[in-house]
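Here are some notes for your next look at this entry.

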Amino acid sequence: MYDLVIIGGGIIGLTTARMLSRYNLSILLLEKENDISEGATKANSGVLAAGFHPRGSSLKGISAVKGNRMYRKISRELKVPVKYTGSLMLAYSDEGVKKLNDKYKRGIINGAKGLRIIEPSEAFKIEPAISRKIVKALYSPETGIIDVFKLVYNSALLAIYNGVQIKLSTMVQDIICEDGHYHIKTNNGEFDTKFIVNAAGENADLIESYVCSSKFIIKPRRGQFYVFEKEDKPLIDHVIYQVQETDEKGCFIAPTIDGNLIAGPTSENVRDYDDKATSKDGLDKIERVSKKIIPSLQMSKLIHTFSGIRANISNLEKSEKDFFIERSNKGMISALGIKNPGITSAPYLSEIIIKKLSEDGMKLSEKKEYIRELKEDRKFLDCNDEEKKRLLKEDKDYAKVICRCEKVTLGDIKKVLRGPLPPVSLNGLKKRLRIGMGKCQGGFCTPELIEILSKEWHVSPDKILMSKEGSKVSKGFVK
Amino acid sequence: MKKYKVVIIGAGPAGLSCGIELEKWGIDNVLLIERREYNGGMLRQCIHDGFGLINLGKSYTGPEFFLSLQKKLDNTRVKIENQAYVLSIDYSKKPYIIKYISEKRGIVECSAENIVIATGCREKPFSALSVPGTRPAGIFSAGSAQYMMNIKNILPGKSAVILGLGDIGLIMARRLMLEGVKVKMVLGLKMTGLKRNLKNCIEDFSIPYREGWSIVSVHGRKRLKGVSIAAVSSDGEIDLSTKEYIPCDTLLTATGLIPEKDLCPLEETEDVYLCGNVKRIYSLVDQVCDAGAYTAIKIARKYLNNSKELNEAKKILKEKIDRSFEELEKSREDESFICTVCPNGCSLSISKIDDEILIKGNKCMRAYEYALSEMKEPKRIITSTVKLKDNPFMLYPVKTSKPVKKTLIEGIMKEIRKIKLPNKVEDGYIVSKNILGSGADLIATNIFMGRKDEVHEC
């Protein structure tokens, strides 16, 4: 019998697991995919919102403001790079200025600090590359950027080090309430637990429906993004939003923590959560808006396009939409409709989840010993010379550079493969080491990786997956 | 810290040629840094023939052409550091300081009076084209697939579409067909490949190709299931009314090469030379070699004051390079039949009146014989690879010792698949005598691991 089963290995599930791992609790986290963070957490902008987008006093707004600030400490504890870059929101017309004022008010109500409506001259000083056609801008010092892949991976690592078990490729198929506890049926075993956190994102309504009738219907809403090559001198340092005109949705441009630029997202309903295709309309729209924000943006620097899926509550009016942390049943707390800015809000939402669990009788007694923070874990080529020499003595594989663009060595790869949460696919490696995310997009390293993984796992090359089951990278040997 | 007169980064054809030419002019104290365990760069995976027609006077395979360079380099005093990756170059003062990491010796620093950057180029990834659709497994850049297939023994897929009508796209189409992968179509905006590649790679295998077409959507969530293609007008407008779906599990893209400038200084810097494809993208390896030699001469001029000989050599080479571009352009435009036997590359006009074949335009009898055999019984050299006994992830390049009848290609490829070689054989080793009674032997075109120089630290 577990004290707690967390359903879902995205940002909410992993943050909750990490926070609870300091207590005397036996915790199991179940994830239906073959890796953590394969849903909405995987594909987003990596921006830490300042909380002026959501409605005033909404949970979404408040949790964004509070979560944003909590990342200062989390970043230190988990050794995840965070940069509070600040942001500008641009208005091109008087109509737009009204919307800016509205965002300003929302921000103030939600608790955001330092918001200012500024003149174009000041905006150009802050970001010289932005459009000259703006009439006003909203400045926020609190907007930031974060390495999301590292955040979720390191959250999982800390949780694991403190005793949390993570079971991948395990899909919950039913939950039965027995006297005083829950019995969970999955495709990969059955588990008994006293408490449940439902952080199943896209499937949170389904999971909830096993124990009660869910108020919400969650449907997929897709967002497409552009990624641009790293530059020695990035075009912008701040996150640049713009007031929506016509059908532009919330499309914006932001630097990433690794030095790329990211532009997007679009927002459109799709039929299912696996529909991560990009569309011509969507891509055209991003290009149009990006160039509107930064006229000098060179499309030739584009290296990648991708889509992410948001878990969108579809049966509520826009004015009622929000994040919901609900008590689905005694001892079972569900997080519903957590879409953007879910990464930002996650720490605060997890605190609410924990509070509700405690109200339902979960005992939170701190372990005598637990790991509070992770040690800095740099890739070999990011280490200083002293560390490099030490590592080279340990293993010569550190001298073998496999990914030139993102500077990853065979030693780094083997370390991750033999670590506590090893990847099972090329994308899993990519999320942990950024391998293949550079400007050649895996052109040079993919063949090497197929060989390395085949040898490491003692399988033939046709067993190596790009991501999910069935996504075979190659068809075996030529001869 | 070791001090060098010249440090060359990259031991592909440009870097090797530069090293060889430096020796020719007596420039000593040269270090060649190469990332891989073997030299040759892309030549190693280009197992097809057609290299060296200009500089060596006959058609070599990539590995053979590389071997000819390596043998010349072996007679020089150039030091080679393989499996060495350059971490940084300090361009702020002279001599420049290069920091690299070597599998053998860890982190090493050396200084250089001159730096030659010969790092070649990389392929533009498909994801940069912003083609709408899914992002499944099974999409590779053509060079990446070539490396997988010709060296690593990894099969990218079973049925393929190729985007790109340049030489790389055409050559990969033939490679896939030879190795048993069905090529459904090769398409692109414009045919930019050499005539002989269109003929030998596409027409020989009756592969459908379309000029003025592009891929407009990618399908399949896990592994690629197919692509949608459509005609594109000359001003870049996609005509969706022409849209067609082609099922395939693999897409190779050869849509452009980008110079690999990561190690280059941000602005032009004294005594730093960009050489080969890192400077501009060349079509022929002969040109890349000439560019390497040209760079060497430029460096040598600084040390051998006003040498007449050197100035003369520079002029000749410059003219040769310029001429090769002109000739290449001409050969692209020429619609007639081109003889591929010797570098003359005669444009032949062939006509058939009743049963008599009339051939005009040949400068020598070899071209005449070639044209005649093309008309009567076409023959081709087969290039391929064979398995090694102990390493499933390494293939050995082989070729037939002379052209064989086109009709025998399929049978010979089947024979080749059965062969397993010991891990080390000599160059020119006869893998199979008179293969399939074709009259040609199957010979190994050796993998050369590079000379094992020790670079001693002071």
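**Notes on the predicted model**

1. In this predicted model, chain B has an open sheet of 5 strands with mixed pairing, in the order 27-24-25-29-28. Strand 27 (420-421) and strand 28 (430-432) of chain B are the edge strands, each pairing on one side only.

2. Within that order, strand 25 (residues 395-400) and strand 29 (residues 442-444) of chain B pair in the antiparallel sense, over 3 bridges. V398(B) has A444(B), in strand 29 of chain B, as its bridge partner. Strands of a sheet pair through backbone hydrogen bonds, either parallel or antiparallel.

3. In chain A, look at helix 2 (residues 59-78), which has a kink of about 35° centred on R72(A). After helix 2 of chain A comes K79(A), with a positive phi near 55°.

4. Over all chains, the structure holds 62 salt bridges. One lies within chain A, where the side chains of E326(A) and K215(A) meet at 3.0 Å, N to O. This pair links distant parts of the chain, 111 residues apart: E326(A) is in strand 19 (residues 324-329) of chain A, and K215(A) is in the loop between helix 6 (204-209) and strand 13 (218-228) of chain A. Side chains of opposite charge can pair when their charged atoms come close.

5. How many residues does each chain give to the contact? Chain B gives 55 residues and chain A gives 54 residues. The area buried between chain B and chain A is about 4700 Å², with carbon and sulfur atoms giving 59% of it. On the chain B side, Y85(B), E103(B) and F393(B) lose the most area to chain A, together 13% of what that side buries.

6. Between chain B and chain A the count is 9 salt bridges. One of these joins the side chains of E451(A) and K152(B), at 2.3 Å, N to O. There are also 24 residue pairs in polar contact between chain B and chain A, counting pairs with both residues at pLDDT 80 or more.

7. Which elements of chain B give two or more residues to the side that touches chain A? They are strand 6 (84-90), strand 7 (96-102), strand 8 (106-117), strand 9 (121-123), strand 10 (139-141), helix 3 (142-150), strand 24 (383-388) and helix 9 (409-418) of chain B. Helix 3 of chain B gives the most, with 4 residues. By type, the residues on this side of chain B divide into 24 nonpolar, 13 polar and 18 charged.

Methods
Residues are numbered from 1 along each chain as its sequence is written. Chains are lettered from A and ligands numbered from 1 in the order in which they are written. This is a predicted model: local features need pLDDT of at least 70, side-chain atom pairs count only at pLDDT 80 or more; totals for chains, interfaces and linings use all residues. Side-chain values use heavy atoms; hydrogens and water are left out. Contact means heavy atoms within 4.5 Å. Buried area is the accessible area (1.4 Å probe) that two parts lose on being put together, summed over both. A salt bridge is a side-chain nitrogen of Lys or Arg within 4 Å of a carboxyl oxygen of Asp or Glu. A polar contact is a pair of N or O atoms within 3.5 Å; within protein, one must be able to donate a hydrogen and the other to accept it, and residues adjacent in sequence count only if both atoms are side-chain atoms. Ala, Val, Leu, Ile, Met, Phe, Trp, Tyr, Cys and Pro count as nonpolar, Asp, Glu, Lys and Arg as charged, and the others, Gly among them, as polar. The bend at a residue is the angle between axes fitted to the seven residues ending there and the seven starting there. Two strands pair if DSSP finds at least two bridges between them.
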